Amino acid sequence: MKEKVLFIINPVSGIGRQKIVEPALEENLNKEKFDYSITYTEYAHHATEICRNAAQKSINTVVAIGGDGSINDCVRGLINTDTKLGIIPAGSGNGLARCLHIPLDIKKAIEVINNYNFLNIDTVNLNNMPYASVAGVGFDALIAKEFTGNKTRGFQTYLRLVLKDFLNYKQKKYHLIVDGKKMEKEALFISFMNSNQFGYNAVIAPKASLNDGLLDVVVVKKPPIILAPLVVQMMFFHQMDKSPYVETFRAKQVEIKDFTDGLLNLDGEGISYEGDSLKFSVNPSNLNVIVPDEKNKQPFLSEKKILDLIKNIIYESPKKEQ
């Protein structure tokens with residue numbers, strides 16, 4: 001019997017790669033293994049509703065075609081169900097896909113679906129808002145909010161927003177309760193990581209695991225402007241945890257008390273929040289995801305590509321702001 005697979009396409013996600021998915025599926029998906037259908041989202045968070053309905057109808061697999069926000073919408077509809085999640089990256093940063101080593105090439109990502117290899121991963125609950133990859137407060141949330149509302153996407157847009165706001169942004173004081181222990185931290189931003197990165201191969205939590213039952217809490221202090229490029233370099237070389245401006249610890253539950261920022265980053269989406277408390281808790285192994293086997297894993301950027309990217313950050317992006 002064929003596996004029933006539903007492909008969900010966000011028509012406005014990321015940089016337009018989703019437009020070539022339908023013909024790619026027709027050409028590359030294993031029709032002997034899968035009985036598939038395609039649907040398009042019609043409004044914000046529509047994918048969550050589609051996924052819940054698919055799970056109720058015992059669809060074997062739902063494949064999200066889009067960026068981290070689109071994928072997280074699907075996660076919310078599939079956690080604690082028997083329906084598996086597949087991913088064809090078609091966003092800007094593609095953080096979760098990169099963490100799972102899913103190829104960014106659409107044909108290769110479809111081949112991962114064909115191979116049908118699975119991994120149970122954790123999700124995180126933030127005040128009853130589930131997410132699979134990353135949440136954050138502070139400067140991170142501000143940039144996510146501005147990026148969400150920007151008409152243009154891509155890495156250069158993200159960098160321009162960071163450069164525009166970094167100098168004038170003042171780090172804030174946060175009151176944390178980490179597995180019952182009270183802490184007070186001043187930070188430029190704090191990230192609550194299930195995966196290891198923001199996207200674009202910007203790895204902020206190099207040792208984070210998607211299935212260890214723990215949240216990596218990354219507290220980043222504001223570095224002097226002259227050292228900021230070095231901190232960025234450490235992030236792309238997966239050495240962020242070695243920076244003197246970064247503190248990382250692991251926990252099952254974290255709470256932020258007296259929260260007044262009013263902004264959150266939730267899997268790359270900047271959202272407004274009116275509450276005064278944030279509670280994070282890990283939900284172990286409650287999502288089944290299709291992942292590559294060892295031979296089909298998406299490699300991280302080569303050292304040369306990383307150096308070229310850093311050069312662009314330091315030299316080219318400021319010129320575009322002039």
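Me: How many aromatic pairs does a search of the whole structure find?
Reply: This is a predicted model, where local features need pLDDT of at least 70, side-chain atom pairs count only at pLDDT 80 or more, and totals for chains, interfaces and linings use all residues. Residues are numbered from 1 along each chain as its sequence is written, and side-chain values use heavy atoms, with hydrogens and water left out. Rings of Phe, Tyr and Trp (its six-membered ring) pair if their centres lie within 6.5 Å; planes under 30 degrees apart count as stacked, over 60 as edge-to-face and the rest as tilted. Across the whole structure, the number of aromatic pairs found is 10.

Me: Which kind of aromatic pair do Phe-139 and Tyr-169 form?
Reply: Their centres are 5.2 Å apart, and the angle between the planes is 65°. By that geometry, the pair of Phe-139 and Tyr-169 is edge-to-face.

Me: Nice! How far apart in sequence are the parts that this pair ties together?
Reply: Helices (H or I, at least four residues) and strands (E, at least two) are DSSP runs, numbered from the N terminus. Phe-139 lies in helix H6, while Tyr-169 is in the loop between H7 and strand S8 (172-178). The pair therefore ties together parts whose separation in sequence is 30 residues.

Me: Are Phe-139 and Tyr-169 buried or exposed?
Reply: Buried means under 20% relative accessible area, exposed over 50%, and partly exposed in between (1.4 Å probe, protein chains only). Phe-139 and Tyr-169 both count as buried.

Me: What is the pair of Tyr-158 and Tyr-200 called, given its planes?
Reply: The ring centres of Tyr-158 and Tyr-200 are 6.3 Å apart. Their planes meet at 45°, so the pair is tilted.

Me: How many residues separate Tyr-158 and Tyr-200?
Reply: Tyr-158 sits in helix H7 and Tyr-200 in the loop between strand S10 (189-193) and strand S11 (215-220). The pair links distant parts of the chain, and the separation is 42 residues.

Me: Which class does the 21% relative accessibility of Tyr-158 give?
Reply: Tyr-200, at 14% relative accessibility, counts as buried. Tyr-158, at 21%, counts as partly exposed.

Me: At what angle do helices H6 and H7 pack?
Reply: Axes are lines fitted to C-alpha atoms, for helices over the stretch in contact, and angles run from 0 to 180 degrees between N-to-C directions. The axes of H6 (residues 139-148) and H7 (residues 155-165) are 10 Å apart. The packing angle of H6 and H7 is about 130°.

Me: Which word describes how H6 lies to H7?
Reply: Angles under 35 degrees count as roughly parallel, over 145 as roughly antiparallel, 65 to 115 as roughly perpendicular and the rest as oblique. The angle of about 130° makes H6 and H7 oblique.

Me: Which residues of H7 meet H6?
Reply: Contact means heavy atoms within 4.5 Å. From H6 come Phe-139, Leu-142, Ile-143, Glu-146 and Phe-147. Their partners in H7 are Thr-157, Tyr-158, Leu-161, Val-162, Lys-164 and Asp-165.

Me: How many residues of helix H3 are buried?
Reply: Helix H3 (residues 68-78) is mostly covered. Among its buried residues are Asp-68, Ile-71, Cys-74 and Leu-78. The buried count for H3 is 10 of its 11 residues.

Me: Against which elements do the buried residues of H2 pack?
Reply: In helix H2 (residues 46-56), the buried residues include His-46, Ile-50 and Cys-51. The buried residues of H2 pack against strand S1 (3-9), strand S2 (34-40), strand S3 (61-66) and H3.
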